[in-house]
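Here is a short report on the structure shown below.

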Amino acid sequence: MLKIKEISKSYMQRGVVLNKLNLEIRRGSSVAITGPSGSGKTTLLNIIGLLTKADEGKVFFHDQEISHYSADDAAEYRNKKIGFIFQDHLLLSYLTVYENIMLPLMADKHAGKRSSEASDYALTLMEKTGISNLKNKFPAEISGGEAQRATLVRALINKPEIILADEPTGSLDAVNAEMLTQILVDLNKELGTTLVVVTHSEKLAKRMQKKMRIEKGILIETE
Ligand SMILES: Nc1ncnc2c1ncn2[C@@H]1O[C@H](COP(=O)(O)OP(=O)(O)OP(=O)(O)O)[C@@H](O)[C@H]1O
Ligand SMILES: [Mg+2]
């Protein structure tokens, strides 16, 4: 469903980060991407999510080239097809957990019609992730693990085809990391949501079907 063809990216101060990198991700699969700090993992996710433009190369989604999308088309692709989970949860401090979760729907012109359905879905997901009692709390009033689960629910609210997660368990203790990992694995199995997970955690990487590593600007399959 997603194809990255000969993507290159350099930064002035740093030089070459990605060097004609190729990647193909099948629908419904799960992929772990590892690699040392600074190897370009976040850069790669940002290119897939059209948050960063590559210097060279192409990105295809369902065989359609998307790397030349306008800002508007890129925003729509991100909002409809992709669920992002960043290492730092990025919940807005002045909105409640529930309001944060519903935020992606605000960007959708047709959300009005679907809002009660979306609200039900939000509550189901909050139930599943064990945060339904935190609906009306503000981010400052909940723990890091709870915030990470709220971020996951927010990433899922639009029923994305693919989840891009950057160190989703990086700031969590062992118990919360395991819980979030299990939720991701279930999601992949039950809803067929495709997962691309960047992680330093061997434990999380092992739970993905495919493991890859960025080395010298390209991806190598590892075991
Ligand atoms: N906007 C930018 N401007 C300049 N250099 C950048 C920019 N973004 C990333 N870099 C550089 O590109 C390299 C790759 O960064 P990237 O964030 O992709 O690494 P990473 O593999 O995600 O690392 P980490 O594991 O620490 O998160 C780094 O050397 C970084 O300093
Ligand atoms: Mg990174």
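## Loops, helices and a ligand shell

Lys159 counts as exposed because it has 12 C-beta neighbours inside 10 Å. Burial follows C-beta atoms placed from the backbone: 20 or more others within 10 Å of a residue's own make it buried, 12 or fewer exposed, and counts in between partly exposed.

This is a predicted model, in which local features need pLDDT of at least 70 and side-chain atom pairs count only at pLDDT 80 or more, while totals for chains, interfaces and linings use all residues. Residues are numbered from 1 along each chain as its sequence is written, and chains are lettered from A and ligands numbered from 1 in the order in which they are written.

**Positive phi.** Most residues other than glycine have a negative phi. Lys159 has a positive one, and Asp63 does too. Asp63 also counts as exposed, because it has 7 C-beta neighbours inside 10 Å. Helices (H or I, at least four residues) and strands (E, at least two) are DSSP runs numbered from the N terminus.

| Residue | Phi | Loop between |
|---|---|---|
| Asp63 | about 65° | strand E4 (56–61) and strand E5 (64–65) |

**Helix pair.** Helix H5 also packs against another helix. The axes of H3 (residues 97–106) and H5 come within 7 Å and cross at roughly 30°. Axes are lines fitted to C-alpha atoms, for helices over the stretch in contact, and angles run from 0 to 180 degrees between N-to-C directions. H3 and H5 are therefore roughly parallel (under 35 degrees). The contact takes Val97, Asn100, Ile101, Leu103 and Pro104 from H3, and Ala150, Val153 and Arg154 from H5. Contact means C-beta atoms, placed from the backbone, within 7 Å. Six of these residues are nonpolar, one is polar and one is charged. Here Ala, Val, Leu, Ile, Met, Phe, Trp, Tyr, Cys and Pro count as nonpolar, Asp, Glu, Lys and Arg as charged, and the others, Gly among them, as polar.

**Ala122.** This residue sits in helix H4 (residues 111–128). Ala122 is buried, with 21 other C-beta atoms within 10 Å. Beyond four places in sequence, Ala122 contacts Tyr98, Ile101, Met102, Val153 and Ile157.

**Ligand 1.** Two nonpolar, eight polar and two charged residues form the shell. Helix H1 (residues 41–48) gives the most, with three residues. Among the residues around ligand 1 are Tyr11, Arg14, Lys41 and Thr42. Such residues have a C-beta atom, placed from the backbone, within 6 Å of the molecule.

How values were computed. Angles under 35 degrees count as roughly parallel, over 145 as roughly antiparallel, 65 to 115 as roughly perpendicular and the rest as oblique. Two residues are in contact if their C-beta atoms, placed from the backbone, lie within 7 Å.
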